[in-house]
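Please look through the sequence and the structure below. The paragraphs that follow lead through selected parts of it.

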There are 2 protein chains.
Amino acid sequence: MGNEELGKVNFWIWYGGIGWQSKNMAFLVQKYGGTSVANLERIQKVAERVAESRRKGNRLVVVVSAMSGVTDGLLKMARGLHAEPSEREMDLLMATGEQTTTALLAIALQARGIAAVAMTGAQAGIVTDGTHMKARIANVSPKAVQAHLRLGRVVIVAGFQGQTMEGQVTTLGRGGSDLTAIALAAVLKAKRCEIYTDVDGVYTADPRTEPGARKIAEISYDEMLELASTGAKVMQARSVEFAKKFGVVFEVRSSFNRARGTMVKEEAKSMERVVVRGVSLEKSQAKVTLVGVADRPGVAAKLFTGIAKAGINVDMIVQNISLPMGGRQGKAQTDITFTLPREELAKVRKFLEPFVRSGGARQILFKEGVAKLSVVGIGMRSHTGVAAQLFRALAAARVNIQMISTSEIKITVVVDEEAGSKAVRAAHREFRLGKRV
Amino acid sequence: MGNEELGKVNFWIWYGGIGWQSKNMAFLVQKYGGTSVANLERIQKVAERVAESRRKGNRLVVVVSAMSGVTDGLLKMARGLHAEPSEREMDLLMATGEQTTTALLAIALQARGIAAVAMTGAQAGIVTDGTHMKARIANVSPKAVQAHLRLGRVVIVAGFQGQTMEGQVTTLGRGGSDLTAIALAAVLKAKRCEIYTDVDGVYTADPRTEPGARKIAEISYDEMLELASTGAKVMQARSVEFAKKFGVVFEVRSSFNRARGTMVKEEAKSMERVVVRGVSLEKSQAKVTLVGVADRPGVAAKLFTGIAKAGINVDMIVQNISLPMGGRQGKAQTDITFTLPREELAKVRKFLEPFVRSGGARQILFKEGVAKLSVVGIGMRSHTGVAAQLFRALAAARVNIQMISTSEIKITVVVDEEAGSKAVRAAHREFRLGKRV
């Protein structure tokens, strides 16, 4: 998880005397995702936007992803040569995508008379560990970026990539460009980080499911984290954790229009007035139940260690209380249920069948076609009865609850996938999340 | 010219104990040009070839160019954004081309069970000066490459690129990948450098002009240099000069077949037996004559300094002896003629017309549609009468000679472009360069 990454980050000394942050101008880090720079025309639009912000006097570091489709194209070429291409060479290959966009955007800015300079992740001082294809940022050495900023240049940085201390090119894995932007914003003490993407911001629910969904103006890091881990795929939890740790205020917004997006920041008193911030639905889940697992210390640990080693991501885990012995063979037994993405089912089946045969459990039940509904809000901490209110609303909508799991600021229930949309609408209505009319 | 580059090269200390060069195996540097790695299928063929050489026990460093068309595509994108994109960003952009091929070839080798590792120019220790888009190699630090070689890996290096001491990505300009290969061969003390291209080797004449042209088995650096500068566009003179300076024996050969190519090496006694090694023809030339130039010291210097500053490459320069005063205005005058590529004519005209108006010369004459024919051979040094023999052969073929220029191992004449092919065939026959039947 992200904690390890955060723990290791050891930023270089911050060089004082940053005259360029004074006066009225703001210092911003912007990040543009793959769809925002998909072709030359889109790059021109991004350049126009950056140029505008620069002309207003802002100092800017701009992080870019590869043009959408480029990374997939490179991946396809590599797979055409080798079913499992080496990760070190994949990183060298993939890194060309962002490097290309970086150079092109700098050139497009120069054409507008804006002094701009392109940098690879390595040149921008993004130092990572050596875990190819999912490297963690070890530290950020911002000297080169600062030198360009002092000369009044817009600095364009290739997202998603870094370099080890030994000079190996690495990539940061999913959500890596967001992470580059937030790490640079942290180290450079930017006033704000703007994450430009193809959605308008974070909504109270997926607008395709609930047409009445409303864009959230402000959300706390913790709420964003819970939403990120429950199907609202705006950002990876990793980047949000990083932003939280270093207090980077960021805004998720669209590069396709001028509307304000969603500000993500430390929670404020005012945020607590809203009990539920949003509702998310994660579809295409499956549910696995192990029936008759010996209720002894260490059994669950052994089971889930094995599953993790097999590379399977399980999510909700629920263990019912141990049944009294009854007719069973005189030993305490329990049932364990967990959820996982449907596409992982074959892998988990392959792992669990030997486990059952060797006496680890009496029986396994698999169920596809389930979905996880989550309601999230820091206001829950100080409001009781939110879970009961959700259950009542779902019951009234005739949605059956199969599993329940709660955390301090989140309640998750598993329902039939078919009933998922209905459940989202019921919860959205119940907590009055819709547009204010 | 290359001299400056050579003078500056200051190779790092060569680490001894290269056990991998002992025994029967050879240590080779191979270079594959853009057409040799044009697509995945071609990359597979190159991988097969490299794998074969590796399985024979050879240790290998392989330098690759960008897939043909990729560099032009990147250039086109950049020009779509800016008429004159900045050179620093162009280098960052262009360098992605070779980086991509490098990773793909390494992956293709791994798929064949060959341990291979891909490196950028910077990672391979190619350090250059800061002249973007035509950087000169300042030194080569081969430690990282050597470390991989010691572990038995085939090292794939991105050609055409390097890095300044400050970490800026640079490209080496035309013929840059050849230069990377030859520089690595020099520093690593390779037994041989193989330059794979889309031609079979160096021929006694262009086979499209002279069907009887024969592939040259061995040629000296000096002959290769003269041919490189006279239209036989197999390699840039720069790489040949580098190879000569460091005694790198290289072979120019085709990646599309298995035929031996042409070995380029220091001249041997046996080479002198052949008086003329080859004939080259450079078409699309133009001829400019300045009539009535004041015959005073410094006039030609001033003239050609101005032309060079205007970025115009002139080639042959011939100055006739000064005419006796005669009817002219009592001052010694001379005529100066020089050749240049036809496409430079507009530029030179723009420069010379003011020169004439300001009294620098009485008149200018321009003539397009000329070609330069050169015969080259180190044997000329010890054989007299070669020029006379060439002139007789051309006269017999009814080819009129317009200008003559000779060096120690080359004779160049300017002829009508229309008569060029006929002249090549006449010279080729005269010096018995054809296939031995």
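Is the crossing of α3(B) and α4(B) left-handed or right-handed? This crossing is right-handed; a crossing is called left-handed if the near helix is turned anticlockwise from the far one by less than a right angle, and right-handed if clockwise. The model is a predicted one, in which local features need pLDDT of at least 70, side-chain atom pairs count only at pLDDT 80 or more, and totals for chains, interfaces and linings use all residues. Residues are numbered from 1 along each chain as its sequence is written, while chains are lettered from A and ligands numbered from 1 in the order in which they are written.

Helix α3 (residues 70-81) and helix α4 (residues 87-110) of chain B have axes that come within 9 Å and cross at roughly 150 degrees. Helices (H or I, at least four residues) and strands (E, at least two) are DSSP runs, numbered from the N terminus. Axes are lines fitted to C-alpha atoms, for helices over the stretch in contact, and angles run from 0 to 180 degrees between N-to-C directions. α3(B) and α4(B) are therefore roughly antiparallel, the word for angles over 145 degrees. On α3(B), V70(B), T71(B), L74(B) and A78(B) meet M90(B), L93(B), M94(B) and G97(B) of α4(B).

Chain A holds an open sheet of eight strands with mixed pairing, in the order β3-β6-β2-β1-β9-β11-β12-β10. Two strands pair if DSSP finds at least two bridges between them. At the edges stand β3 (116-119) and β10 (218-220) of chain A, each with a single partner strand, so one side of each has no neighbour in the sheet. Within the sheet, β11 (residues 250-254) and β12 (residues 262-265) of chain A pair in the antiparallel sense over three bridges. Here F250(A) stands opposite V264(A) in β12(A).

The two chains also meet: 25 residues of chain A are in contact with 25 residues of chain B, contact being C-beta atoms, placed from the backbone, that lie within 7 Å. To the side of chain A that touches chain B, α4(A) gives the most, with 14 residues.

Chain A can be laid on chain B with an RMSD of 0.1 Å by a turn of 179 degrees and a shift of 0.0 Å along the axis, superposed by least squares on the C-alpha atoms of residues with pLDDT of at least 70 in both. That is the relation of a two-fold axis. The same surface serves both copies, as 100% of the contact residues of chain A recur in chain B. Among the residues of chain A, T96(A) comes closest to the rotation axis, at 2.6 Å (C-alpha).

How values were computed
Angles under 35 degrees count as roughly parallel, over 145 as roughly antiparallel, 65 to 115 as roughly perpendicular and the rest as oblique.
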